[in-house]
Amino acid sequence: MPTRPVAVIIGMMGAGKTRVGKEVAQLMSLPFADADVEIEHEVGMRIPEYFERHGEPAFREVESEVIAGMLHGFGGVFALGGGAPMTPAVQDDLKEYIEDGGKVVYLMADPREAMERAHRGGGRPMLQGDADARWKKLYRQRDPVYYRVANVHVETYGQTPLAAARKMMDMITERTVHVTGATIEDYDVSIGEGAMNHLSEVLGPKPVRIALIHTQPVQRHSDRARTLLRQGGYQVSDIVIPDAEAGKTIEVANGIWQRLGDEGFTRSDAVVGVGGGAATDLAGFVAATWMRGVRYVNCPTSLLAMVDASTGGKTGINTPQGKNLVGSFYTPAGVLADLKTLVSLPNDIFIEGLGEVAKSGFIKDPEILHILEEHAAELRAFDGATFLGSGLENVVAELIERTVRVKAYHVSADLKEAGLREFLNYGHTLAHAIEKLEHFRWRHGNAVAVGCVYAAELGHLLGYIDQDLVDYHRSLLGSLGLPTSWNGGTFDEVLALMHRDKKARGNKLRFVVLDSIGHPVHLDDPPADAVEEAFRRIQA
Ligand SMILES: NC(=O)c1ccc[n+]([C@@H]2O[C@H](COP(=O)([O-])OP(=O)(O)OC[C@H]3O[C@@H](n4cnc5c(N)ncnc54)[C@H](O)[C@@H]3O)[C@@H](O)[C@H]2O)c1
Ligand SMILES: O=C(O)C(=O)C[C@@H](O)[C@H](O)[C@H](O)COP(=O)(O)O
């Protein structure tokens, strides 16, 4: 892949592009380059001199060429001169750079501070004469253009260069997956340290009251959400629900409906769910049902919730008869997967999440499997206390982004699970039966891991895949610390529950199996002896 800058910084003279840009580069251990310095090297003289001798049009031409070269050959943080983004050729190059995944950052400083700094710098050809008036005039012309050509906007009013640099770093390292589709209102999944800071932006100005639904183990993260919400001017009702599957019940939902009624929640108010997949499934269900649907923002805090439960709009509760039997498809307004929340995630719950990550690799993205293989030992040793800033953080961010992309691909085309989306259910037919028979003491992702091995065995028995691929399921999942066998119930118990799976039709079981890695197929009404034999093979 050709080298390109990690970020290109634009902004007014005096905004601090060089100062803050150097800090960002240092924080990220990257080189820094300033377009003006590169131009001076290129033309062999200082810029004021070049301006005087050749005039602005000649300068802009050289500037465009130098910038085009750097956009294709420099791998660090790159700051442009204040006037560069006004040149159409540079605008085109920046557009292409953004389309290629680049980040053009508009560094927005307080105009008074920036003006003062610009004067202090001196020797700026564009500020000849009445410098204040010139700066203000340029600001009026340039601000709307900067705003338009940038895809990241960083406000640094009153901040130290280091604080501004940290903010910029968080924003440029953030990853976004855009979820769209014919039957979906578009939304973004934001993945990064500090993603939760977007809460007010995603909620918008309409809600007055926010029901902040969370469990006790994530209290410190919901406290942060509450602070952000209050700063955003919202009235917050803090609602603590029972942890894990104990929260996904009609009784819990009913308690919240009563509270929302008592507290006067209207249709323009909103729900924010913070926690693992169980809490966010329940919070989404409350949002979907209160007054037939209010705005919902999903803030997942477990790996599994970040990669899977938060995106796609499946919300719901369990019933005594089985897992997720009541619910709705209800699209969130946004998903904020804040990597900072993973610092408190216990190792076993992190590993569980890898079950859904691997599933997404099996059904769609083999690169996920390669990353899991390559980093199995580090992933297995996940420790929240040392996670942020470690080499593993980038690996995990990449896995989250890729897995969310797999999810987005399926739900965009088939929100209500009429066909394609069912592939996301790979391994789940048995998994949900295991969870139920284990009274939900088995974690969902662990059950999915066993369920994937079961689906692989079933596919192999029916001639879809060879033994090597079944073995690969066991070895990869096992290397991540996930279970690959189960011995907690009889075949008859499992079979009865598999008949209640949402993919079943009438008396017929339906499964998802692989044809090869990345190519799932539907398996309708498989022979009963294969269904049983595959079960025998996953028993320890
Ligand atoms: N809606 C969907 O599309 C979808 C997809 C996959 C799974 N799910 C559902 O998600 C649930 C599983 O999600 P899960 O694995 O997150 O389990 P979970 O919600 O039960 O969370 C596991 C535990 O980790 C705690 N926890 C979560 N984040 C934490 C953090 N940052 N720090 C400390 N503790 C933390 C939780 O409080 C809980 O005790 C299941 O109910 C499953 O059915 C839904
Ligand atoms: O989003 C989907 O569709 C999935 O099937 C994703 C699954 O990983 C997830 O566990 C989901 O909750 C299962 O839903 P269910 O419809 O089988 O209850």
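Biologist: Leaving aside its neighbours within four places in sequence, which residues is L379 in contact with?

Modeller: Two residues are in contact if their C-beta atoms, placed from the backbone, lie within 7 Å. By that test L379 touches L354, L372 and L480, once neighbours within four places in sequence are set aside. Before we go on: this is a predicted model, where local features need pLDDT of at least 70 and side-chain atom pairs count only at pLDDT 80 or more, while totals for chains, interfaces and linings use all residues. Residues are numbered from 1 along each chain as its sequence is written, with chains lettered from A and ligands numbered from 1 in the order in which they are written.

Biologist: Where is the place of L379, and is L379 buried or exposed?

Modeller: Helices (H or I, at least four residues) and strands (E, at least two) are DSSP runs, numbered from the N terminus. L379 belongs to helix 16 (residues 376–380). For burial, count other C-beta atoms, placed from the backbone, within 10 Å of the residue's own: 20 or more is buried, 12 or fewer exposed, and in between partly exposed. L379 has 23 of them, so it is buried.

Biologist: Which residues does the UniProt annotation "binding site" cover?

Modeller: UniProt positions use the numbering here, feature names are shortened, and annotations may be inferred rather than shown by experiment. The unreviewed entry gives "binding site" for G14, A15, G16, K17, T18, R19, R124 and Q159. They span 146 residues in sequence and the farthest two C-alpha atoms are 24.5 Å apart, so they don't all gather at one spot. R124 sits in the loop between helix 6 (111–121) and helix 7 (131–149), and Q159 in the loop between strand 5 (152–155) and helix 8 (161–173). R124 counts as partly exposed because it has 19 C-beta neighbours inside 10 Å; Q159, with 17, is partly exposed too.

Biologist: Which domains give residues to the shell around ligand 1?

Modeller: Domain bounds come from an automatic or database domain assignment; here that gives domain 1 (7–172), domain 2 (175–345) and domain 3 (417–538). A residue is near a molecule if its C-beta atom, placed from the backbone, lies within 6 Å of it. Domain 2 and domain 3 both contribute to the shell, so ligand 1 lies between them. Of the 31 residues around ligand 1, A244, G276, G277, A278 and S302 come nearest.

Biologist: And how do I read the classes, starting with the shell around ligand 2?

Modeller: Ala, Val, Leu, Ile, Met, Phe, Trp, Tyr, Cys and Pro count as nonpolar, Asp, Glu, Lys and Arg as charged, and the others, Gly among them, as polar. Ligand 2 has one nonpolar, four polar and seven charged residues around it, including D308, K314, E356, R421 and K502. Domain 2 and domain 3 each supply at least three residues of that shell.

Biologist: Last one: how many bridges join strand 15 to strand 16?

Modeller: Two strands pair if DSSP finds at least two bridges between them. Strand 15 (residues 510–516) and strand 16 (residues 519–524) run antiparallel and share six, with F511 opposite L523. They form a hairpin with two residues between them, and G518 in the turn has a positive phi of about 90°.
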